[in-house]
Amino acid sequence: MTTETIAQNSLSALGLQQPAWVYCRGDIRPWEEATLHISCEAVTRGLNVFEGLKGYWQADGTQFGIVAIRRHYERLTHSAKLLHIPIPVSFVAFQDACSRLVRALYRPDQDMWIRATLYVIEGHWGVGTVADLVLTAYHQPKRPPAPIKVGVSTWQRPSDISVPPRIKTSTNYQVARLARIEGRSRGFADMILLNQFGRVAESTGACVLLVRDGAVITPPAYEGRLESITLGIVRDICHSISIPFIERPVDRTELYLSDEIRLVGTLAELTPVSQIDEYQLPTSSPITDSIATKFWGAVRGSAPHPAIDVTFI
Ligand code: PMP
C-alpha cells in the first residue's frame, strides 16, 4: 500500500478539505472566520471535547439522514461534564446547527462527516470556563470502506487515571497521532493501541471487533476504549440476528488467530481488516458481512433497524 492510499483511507484525509462554510459563534460563517485566540485554553491546553457524526443520503436519493444525533449530543455532554466544560447549546439548538451546516454544504454524490467541537474560548484552570460550539462538515465517498492492513502500535492507550479514554477530547488523540505516524512508516493504514496491561484497547479512531468460533468479541470500555455509539449499534444488530456478542478483555495474540476483524466507529463504519502485523486474516468474513448488511440497510433507509435512529434534515 502506498503512502497516498493510506492517507486517503484515513481520517487525516478530511483535513485536506476546506469546506466553504463552518458553524461557530452561533451561526454559519465562511471557513476563514473560524479562528481562536492563541491565549484561550482550547489552544494553550488543547482543551475541547468533540464528536464525529455521519450523515448518509437515503436509498431513495431525496432525503439526507444523520445517524444517532441524540446519542452523539449526550456523549458530548458527558465528555464536557468530565472536563468541567459548560454546555453552550441545547439538544434542539445542536440538531438545528448540524442540519443548517449540512444543508449549506451537501451535494448529491457525497455523504458527510460532521465534527462537532466545544472549544474552550474563555476561562483559566477551570474558573470562568466558556465554550463555543464549532461544526465543520466534510464530504465522504458513498462507498463502504475497503479492507485495510493494521498494525499493533508500540504506543500505549492511557488509562482512566491519566487521560481517560471515555472522554472524547483532542488531547486523547496525541497518542493516536504517534501511532498513526508509526503505522505509516510500517505500511499500515491504522494501528491498534494496547492498554497498560498489554491487552487490546482500540484503534486510533475506532473500536476493535473480532470473530472467533462464530462469536463477536470486543474489549469492554474499562479496557481503555471510547464508549462507542457504533459498537452499541453492532451489539443490537447481533442480538437481532442471533449472533453472540461478547464484551471481554482481548489478548494481542487473539487478534492474530481471529477469523474476522473489523474496526468499528462512526467514520470507520465497519472497516474490514485484511492483515494484522505480519499475520494474514481469512479472506471471507461471513459473520461481520451479515452485520454489515444490516448496518448499511439501516443507515441508508432501505431496511430500517431499531438499533439505528436516523434524523432526516
Ligand atoms: N474510539 C476512538 C478513539 C474514536 O475516535 C472513535 C470514533 N468516535 C471510536 C472509538 C468509535 O466511536 P463511535 O462509534 O461512537 O464513533
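Tyr106 counts as partly exposed, because its relative accessibility is 29%, a value in between the 20% limit for buried and the 50% limit for exposed. Trp57, at 9% relative accessibility, counts as buried, since buried means under 20%. Both values come from a predicted model.

Trp57 and Tyr106 form a tilted aromatic pair, with 5.0 Å from centre to centre and 35° between the planes. Trp57 belongs to strand β3, which covers residues 48-57, while Tyr106 lies in the loop between α4 (91-105) and β5 (111-124), so the pair ties together parts that are 49 residues apart in sequence.

The structure holds 10 aromatic pairs. Another of them also involves Trp57: with Phe64 it makes an edge-to-face pair, 5.1 Å centre to centre and with 85° between the planes. The angle counts as edge-to-face because it is over 60 degrees. Trp57 and Phe64 are both buried. Trp57 therefore takes part in a tilted pair with Tyr106 and in an edge-to-face pair with Phe64.

Tyr56 is part of an aromatic cluster, together with Phe295 and Trp296.

Aromatic rings also meet charged side chains here. The ring of Trp125 has the charged end of Arg45 over it, 3.7 Å from the ring centre. In a second case, the charged end of Arg70 sits over the ring of Phe91, and the distance to the centre of that ring is 4.0 Å.

Terms used:
Residues are numbered from 1 along each chain as its sequence is written. This is a predicted model: local features need pLDDT of at least 70, side-chain atom pairs count only at pLDDT 80 or more; totals for chains, interfaces and linings use all residues. Side-chain values use heavy atoms; hydrogens and water are left out. Rings of Phe, Tyr and Trp (its six-membered ring) pair if their centres lie within 6.5 Å; planes under 30 degrees apart count as stacked, over 60 as edge-to-face and the rest as tilted. Buried means under 20% relative accessible area, exposed over 50%, partly exposed in between (1.4 Å probe, protein chains only). Helices (H or I, at least four residues) and strands (E, at least two) are DSSP runs, numbered from the N terminus. A charge sits over a ring if NZ of Lys or CZ of Arg is within 6 Å of the ring centre and within 35 degrees of the ring normal.
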